[in-house]
Amino acid sequence: MMEENTSGRPANMMPFMDAMKSGFKNSFTLSGRASRSEYWFWVLGGNIFFMVMFIGGAIFTIIDIPVLPGLMILAPILLVPGSITLVVRRLHDVGMSGWMWFVALVPVIGAIYLIYLFVQEGDFGENAYGAVPTNMLE
């Protein structure tokens, strides 16, 4: 059973594999909220995926094993919808509109501000975008 702390936020963070499953499951869902652990584990999983694809492609090239180039190009595209919607849901968790993502178009400062928002604790109670995320795979 998940403990609740006095802030109304879940005391436990979402496990890595649950965050990855949730990201894929909600790849086309812009409504709701995403916790910090869900967002940052998705970012970690995406980076691991890209490194494995890059290193695997390099190894296959070095030992001259033909790899389907389409697979190497297509596979990372699978992460794009989940990444976009997860950013929007993470912004919802801190009480911001998903349109706030366009602040990233401001060079350097925009990216720094978004990172600042992504590391913030989400709103303690229900906000305009929904209830507090449970950090459990539903």
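## Surface and overall make-up

The chain exposes about 8,700 Å², and carbon and sulfur atoms supply 74% of that area. Keep in mind that this is a predicted model. Of the 138 residues in the chain, 33% are buried.

As for secondary structure, you get 5 helices and 0 strands. Walk along the sequence and the pattern reads α-α-α-α-α. Take the contacts between residues at least 6 apart in sequence: 72% of them join residues at least 24 apart.

## A nonpolar patch and Phe54

Which residues form a nonpolar patch on the surface? They are Leu44, Ile48, Met51, Val52, Phe54, Ile55, Ile59, Phe60, Ile62 and Ile63, and together they have about 1,000 Å² of accessible area.

Let's pick out one member of that patch. Phe54 sits in helix 2, which covers residues 36-62. Is Phe54 buried or exposed? With a relative accessible area of 64%, Phe54 is exposed, because the cut-off for that label is over 50%.

## His92, on the buried side

Now for a histidine. His92 belongs to helix 4, residues 80-93. Its relative accessibility is 8%, so His92 counts as buried; the cut-off here is under 20%.

What is His92 in contact with, leaving aside its neighbours within four places in sequence? The list runs to Leu30, Gly32, Arg33, Ser97, Gly98, Asn127 and Tyr129.

## The two side by side

Terms used:
Residues are numbered from 1 along each chain as its sequence is written. This is a predicted model: local features need pLDDT of at least 70, side-chain atom pairs count only at pLDDT 80 or more; totals for chains, interfaces and linings use all residues. Side-chain values use heavy atoms; hydrogens and water are left out. Patches are made of residues with over 30% relative accessible area and no salt bridge: like charges are joined within 9 Å, nonpolar side chains (Val, Leu, Ile, Met, Phe, Trp, Tyr) within 5 Å. Accessible areas come from the Shrake-Rupley method with a 1.4 Å probe; for residues, only the protein chains shown count as cover. A salt bridge is a side-chain nitrogen of Lys or Arg within 4 Å of a carboxyl oxygen of Asp or Glu. Helices (H or I, at least four residues) and strands (E, at least two) are DSSP runs, numbered from the N terminus. Buried means under 20% relative accessible area, exposed over 50%, partly exposed in between (1.4 Å probe, protein chains only). Contact means heavy atoms within 4.5 Å.
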